[in-house]
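Subject: Structure handover

Hello,

Here is the structure for you to look over. My notes on what was found follow below it.

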Amino acid sequence: MEDVLKVTLLGTGIPNPSINAFGTSTLVEAGGQRVLIDCGRGAVIRLSQLKLPVGYVDTVILSHYHSDHYSGIFDLLMSGCIPQPWAGRGGPLHVYGPEGVHHLADGAWEACKLDRDIRVADNEIDPEHMRIIPHVYEEGVVFDRGGLKIIAILVDHGDYIPTAYGFRIEYGGHVLVHSHDTRYNENLISQAHGADVFIHEVAAARPSTLEAYPKVKVAIDHHASPAEVGRVFAQTRPRLAMLTHLALLPPDPLSIDDLFSDLMAEYDGTVLIAEDLMTIRIGKGISIEPFRYPGR
């Protein structure tokens, strides 16, 4: 299994609270490395469902600063440093992010002070283990260790979000691309060729919803429509295409049938819908393992 790129989707949801789809968070494992890309709501709970300790990872890469992509980091930071088998990080949390990650690190240090002071007074933790070490990245290679390479791709998530990134993950000749949040984007397309698996977000609202609730357009304008995602897949031709972060807006959300009808008008390949705790293994072949699989 040494040449396998293993990716587990801890969270595939949107900001709306859902017990079935937590905030975006993706665990990448290969070459003895463990990296969390984004850390949305409930990432710690999802790790526990996999029977992995909270301290299993000490490196997080954030795609951008919408809450559903990083609100779980404070739980990961505080809970992960507790010296128990279910936690036990044993060091600070390294967080890579676009410009602004220093604000996150400074704010987390202040926000965690009360809990940290108690645990230090009890001789329970080293205070430095509840610290975020910030690393600013730009487009290009963010992580390169043990043969695992993670490359940031600048995407277009809206006029007021100048630095949002998708990622190209490479290991052993295998490639997974994850769009994270983006509109239709030529830069992403140009760097997504040759992917074994390409995971892309999608959003849609019916014309009646847009007419009755004009503010919905703000959300829709930050994302790619089903037809646009179909065009992205058609131009990149991944071995397997997947959809995540399905923002199908109420009160009358687009049905999955309608979503696929629009997408398949542009793309004739196989497309799966991602689920929380789904594991993707990319080696000689591609396997998709849902959490409910008996082998768990």
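**The sheet**

Strand S4 (residues 59-61) and strand S5 (residues 93-97) run parallel and are joined by three bridges. Strands here are DSSP runs of E with at least two residues, helices are runs of H or I with at least four, and both are numbered from the N terminus. Two strands pair if DSSP finds at least two bridges between them. Val60 has Val95 in S5 as its bridge partner.

A word on the source: this is a predicted model, in which local features need pLDDT of at least 70 and side-chain atom pairs count only at pLDDT 80 or more, while totals for chains, interfaces and linings use all residues. Residues are numbered from 1 along each chain as its sequence is written, and side-chain values use heavy atoms, with hydrogens and water left out.

Now the whole sheet. It is open and has eight strands, in the order S6-S5-S4-S3-S2-S1-S14-S15, with mixed pairing. Strand S6 (132-136) and strand S15 (286-289) are the edges, each pairing on one side only. From one strand to the next, the twist averages 20 degrees.

**Helices on the sheet**

Helix H2 (residues 73-80) packs on the sheet and touches strand S3 (33-37), S4, S5 and S6. Contact means heavy atoms within 4.5 Å. The direction of H2 makes about 160 degrees with that of S5. Axes are lines fitted to C-alpha atoms, for helices over the stretch in contact, and angles run from 0 to 180 degrees between N-to-C directions. Helix H3 (residues 101-111) lies across S5 and S6, and runs at about 170 degrees to S6.

**Salt bridges**

How many salt bridges does the structure hold? There are 16. Each is a side-chain nitrogen of Lys or Arg within 4 Å of a carboxyl oxygen of Asp or Glu.

Take Asp156 and Arg183 as one case: their side chains meet at 3.1 Å, N to O. This pair links distant parts of the chain, 27 residues apart. Asp156 is in the loop between strand S8 (148-155) and strand S9 (164-171). Arg183 is in the loop between strand S10 (174-178) and helix H5 (186-191). Asp156 is partly exposed, at 25% relative accessible area. Arg183 is partly exposed too, at 21%. Buried means under 20%, exposed over 50%, and partly exposed in between (1.4 Å probe, protein chains only).

Asp258 and Arg206 also form a salt bridge, at 3.2 Å, N to O. Asp258 is in helix H9 (residues 256-264), 52 residues apart from Arg206.

Best wishes
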